[in-house]
Amino acid sequence: MGIEIVFKIAGIGILIAIICQLLKQTGRDDMAMLAALAGLVITLMMIIDLIATLFENVKQVFQLY
Amino acid sequence: MASLFKVIGIALTAAAASLLLRTYRPELSVQIAVAAGTLLLLLTVDELKVMSAFLNDMFERTGIKTEYLKAMVKVLGIAYLAQFAADLCRDAGESAVAGKVELAGRVMILAISLPILGAILELVSGIVTSYAAV
């Protein structure tokens with residue numbers, strides 16, 4: 001619950017960028033598109049947990065029901 | 001106080017990481033901005049917890065009706081989250097969506113503060129009628 005999530009997303013982003021570049025070179029553009037989509041979905045799954053904890057905290061502190 | 005350095009550290013590293021990814025995968029750089037924004041908000045919301053606890057017992061001691069304080073804290077929370085979401089949308093290039101988020105925040109704040117407005121108006125009209133009777 002700190003800086004490591006930013007590094008995780010950056011790592012996934014770099015990995016996906018390389019994979020997409022590779023797939024594009026070998027001519028399989030649709031696979032590249034799918035790889036980019038997969039990267040985005042994984043990142044969103046991580047971010048959703050983070051935002052859920054944020055909303056719980058804010059709801060508790062500000063009594064926002 | 002130490003969390004300020006943590007906030008600055010997270011913000012700068014997230015900005016660097018987001019810039020790195022902007023050329024290759026722009027959608028992931030927006031995700032990094034969202035993650036960094038959420039982390040920073042989590043850090044500041046802990047500080048605000050102390051403030052709202054202090055306000056609570058101050059209000060109890062002075063005997064002011066606590067629902068005014070509740071409404072004020074709620075408005076603070078709404079503004080806090082709406083600003084967060086609007087800035088992220090603007091960062092991603094969607095300024096129209098950001099405007100709508102801000103509009104929704106304002107409407108909700110208005111909805112919360114209506115009863116207080118009514119109480120103030122009653123107070124004022126009470127004073128006016130009592131003086132007008134003289």
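**Reading the interfaces**

Biologist: How many residues of domain 1 of chain B are in contact with domain 2 of chain B?

Modeller: Contact means heavy atoms within 4.5 Å, and here nine residues of domain 1 of chain B touch eight of domain 2 of chain B. This is a predicted model: local features need pLDDT of at least 70, side-chain atom pairs count only at pLDDT 80 or more, and totals for chains, interfaces and linings use all residues. Residues are numbered from 1 along each chain as its sequence is written, chains are lettered from A, and side-chain values use heavy atoms, leaving out hydrogens and water.

Biologist: Where do the domains of chain B lie?

Modeller: Domain 1 is 1–43 and domain 2 is 45–134 of chain B, with bounds from an automatic or database domain assignment.

Biologist: What area is buried between chain A and chain B?

Modeller: The size of an interface is often given as the accessible area lost when the parts come together. With a 1.4 Å probe, summed over both parts, chains A and B bury about 2700 Å², and carbon and sulfur atoms give 83% of that. A:Leu54, A:Val61 and A:Phe62 supply 23% of the area that chain A buries against chain B.

Biologist: And how many salt bridges are there between chain A and chain B?

Modeller: A salt bridge is a side-chain nitrogen of Lys or Arg within 4 Å of a carboxyl oxygen of Asp or Glu. Between chain A and chain B the count is zero.

Biologist: What area do the two domains of chain B bury between them?

Modeller: About 740 Å², of which carbon and sulfur atoms give 61%.
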